[in-house]
Amino acid sequence: VEHLDAEPWLRRHAEIFEREMLAAVDPALARLYDRLPFDQAHMQSPPEPAELERLLRLMRLPMFLDTPADQVLPIAEQARDQTFNAGQFAFRQGDAAAEFYVVMDGQMEIRCGEAALARVSAGECFGEMGVLDGQPRSADAVALVRTHCLVVDEAVLNQAIEDSPPL
């Protein structure tokens, strides 16, 4: 689509076709695509593929479901990648809650002592409650397999909330 700039009508038809293809494959993804700020003045072109994947993962989280993409984009841009090996802890009970995590690939387990409370898979987040309520971690989070996560710092989330009250 990016090579069609010389003919705006052709570019628009290509965008419509792309959106229809997404709708045929994944209607939920097509709805997310519709929320992307491609035509905003501050965004001359769509995000890079890796940045788009981050944005889409964040936008699928319940906490961002009704939030415009241009408000989630700064969070996606500032999130960092972290990989945990099987058995490695993201955090332990009692730790300060300075960030939350979005599983991109792999699986984490939330534990309290030896009791497994939840398993968190790709597309889900964990650790957000501590960030939102300011309380120490109430459980451990450990990787069951090699797991790639996006890490969103508390300061980044708080800045997004401050800049965009609808969050």
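## Strands and pairing

Helices (H or I, at least four residues) and strands (E, at least two) are DSSP runs, numbered from the N terminus, and two strands pair if DSSP finds at least two bridges between them. This is a predicted model, in which local features need pLDDT of at least 70 and side-chain atom pairs count only at pLDDT 80 or more, while totals for chains, interfaces and linings use all residues. Residues are numbered from 1 along each chain as its sequence is written, and side-chain values use heavy atoms, with hydrogens and water left out.

## The protein as a whole

The protein contains six helices and eight strands, and along the sequence these follow the pattern α-α-α-α-β-β-β-β-β-β-α-β-β-α. Of its 167 residues, 37% count as buried, where buried means under 20% relative accessible area, exposed means over 50%, and partly exposed lies in between (1.4 Å probe, protein chains only).

If one takes the contacts (heavy atoms within 4.5 Å) with a separation of 6 or more, 67% of them are between residues 24 or more positions apart.

Strands of a sheet pair through backbone hydrogen bonds, either parallel or antiparallel. Here four strands form an open sheet in the order E1-E8-E3-E6, and the pairing is antiparallel. Strand E1 (80-84) and strand E6 (125-126) are the edge strands, each of which pairs on one side only.

Strand E8 (residues 147-153) is joined to E1 by five bridges; Asp81 stands opposite Leu150 in E8, and Thr83 stands opposite His148 in E8. With E3, strand E8 pairs in the antiparallel sense over six bridges, and the bridge partner of Val103 in E8 is Cys149.

## Covering of strand E8

Five of the seven residues of E8 are buried, and the strand is mostly covered. Helix H6 (residues 154-163) lies across strand E3 (99-105) and E8, and runs at about 55° to E8, an angle taken between N-to-C directions on a scale from 0 to 180 degrees, with axes fitted as lines to C-alpha atoms and, for helices, over the stretch in contact.

## Surroundings of Glu109

Glu109 is placed in strand E4 (residues 107-112), and this residue counts as buried because its relative accessible area is 7%. Leaving aside residues up to four places away in sequence, Glu109 touches Ala116, Ala118, Arg119, Asp140, Ala141, Val142 and Leu144.

With one of these residues, Arg119, the side chain of Glu109 makes a polar contact of 3.4 Å. A polar contact is a pair of N or O atoms within 3.5 Å; within protein, one must be able to donate a hydrogen and the other to accept it, and residues adjacent in sequence count only if both atoms are side-chain atoms.
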